[in-house]
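User: Could you walk me through this one before I set anything up?

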Amino acid sequence: PLLSADKNQTIVGHWEGKIELPGTPLEIDVDFSMADDKSPVGDISIPLQGAKDLQLTEITFAGKVVMFKLPGVPGNAAFKGELSEDGLKITGNFTQSGQSFPFFLERMDTPAARARKALEGFDEFVEKAIEDWNVPGLAITIVTGDEAVFMRSFGYRNIREGLPVTTKSLFAIGSCTKAFTT
């Protein structure tokens, strides 16, 4: 379990931080969740190494101690840390091939949640732009990672018949490919 008996704290969520390697801190992000069978699952991404969502194993959380391993990596890569009293940080040591390096993680909103917050008020901006540019209608989808964080339609696809644009409306691609290729 990822839920502690102590103060009902949990490590479930999105964490971002670094492993303090000599010369270059290595940025990492870790996601912990519970599988349908209530077993802990997690993954780690290491952008500098091009590693995305590598599955973690042997995830344990007891008291305030958090441990997990990164399988398939030479040198028995493992993390052992402690959850802070406020439940917002994990600090500890990353070990690999007999060496130990400090690491820290901070509980963060997921990138999708941060994008949703950044898009607050975007509807009003689009509605004003539609009015200013005299656009009959449009649909917008914004994707972060593999998650749609904003999907909304505005205006009409057929003004005479009063047919609204929906998120499933088809549009002629026109010159949009110029933006894709530049």
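User: What should I know about the model itself?

Analyst: This is a predicted model, in which local features need pLDDT of at least 70 and side-chain atom pairs count only at pLDDT 80 or more, while totals for chains, interfaces and linings use all residues. Residues are numbered from 1 along each chain as its sequence is written, and side-chain values use heavy atoms, with hydrogens and water left out.

User: ok, how much space lies in the largest pocket?

Analyst: The largest pocket holds about 380 Å³ of space. Its 16 lining residues include Asp31, Lys52, Asp53, Pro111 and Asp146, which are the closest to its centre. On a 1 Å grid over the protein atoms alone, a pocket is an open set of points where a 1.4 Å probe fits, with protein on both sides within 12 Å along at least five of seven lines, and lining residues have an atom within 4 Å of a point. Points are joined across faces, edges and corners, and the volume is the space filled by probe spheres set on them.

User: Which elements give two or more residues to that lining?

Analyst: They are β1 (13-20), β2 (25-34), β3 (40-46), β4 (51-55) and α1, and α1 gives the most, with 3 residues. Helices (H or I, at least four residues) and strands (E, at least two) are DSSP runs, numbered from the N terminus.

User: And the lining by class?

Analyst: There are 2 nonpolar, 5 polar and 9 charged residues in the lining of the largest pocket. Here Ala, Val, Leu, Ile, Met, Phe, Trp, Tyr, Cys and Pro count as nonpolar, Asp, Glu, Lys and Arg as charged, and the others, Gly among them, as polar.

User: Lys52 and Asp53 came up there, so what do their side chains do?

Analyst: The side chains of Lys52 and Asp53 form a salt bridge, with 3.5 Å from N to O; a salt bridge is a side-chain nitrogen of Lys or Arg within 4 Å of a carboxyl oxygen of Asp or Glu. Lys52 is exposed because its relative accessibility is 62%, whereas Asp53, at 35%, is partly exposed. Buried means under 20% relative accessible area, exposed over 50%, and partly exposed in between, with a 1.4 Å probe and protein chains only.

User: How many salt bridges does that rule give?

Analyst: The count comes to 8 salt bridges. In one of them, Arg116 pairs with Glu147, and their closest N and O atoms are 2.5 Å apart. This pair links distant parts of the chain, 31 residues apart, with Arg116 in helix α1 (residues 111-118) and Glu147 in strand β11 (residues 147-158). Arg116 is partly exposed at 36% relative accessible area, and Glu147 is partly exposed at 34%.

User: Switching topic: is Ser169 buried or exposed?

Analyst: Ser169 counts as buried because its relative accessible area is 16%, and its place is in the loop between β12 (163-164) and α3 (176-181).

User: What does Ser169 touch?

Analyst: Leaving aside neighbours within four places in sequence, Ser169 is in contact (heavy atoms within 4.5 Å) with Arg157 and Pro164.
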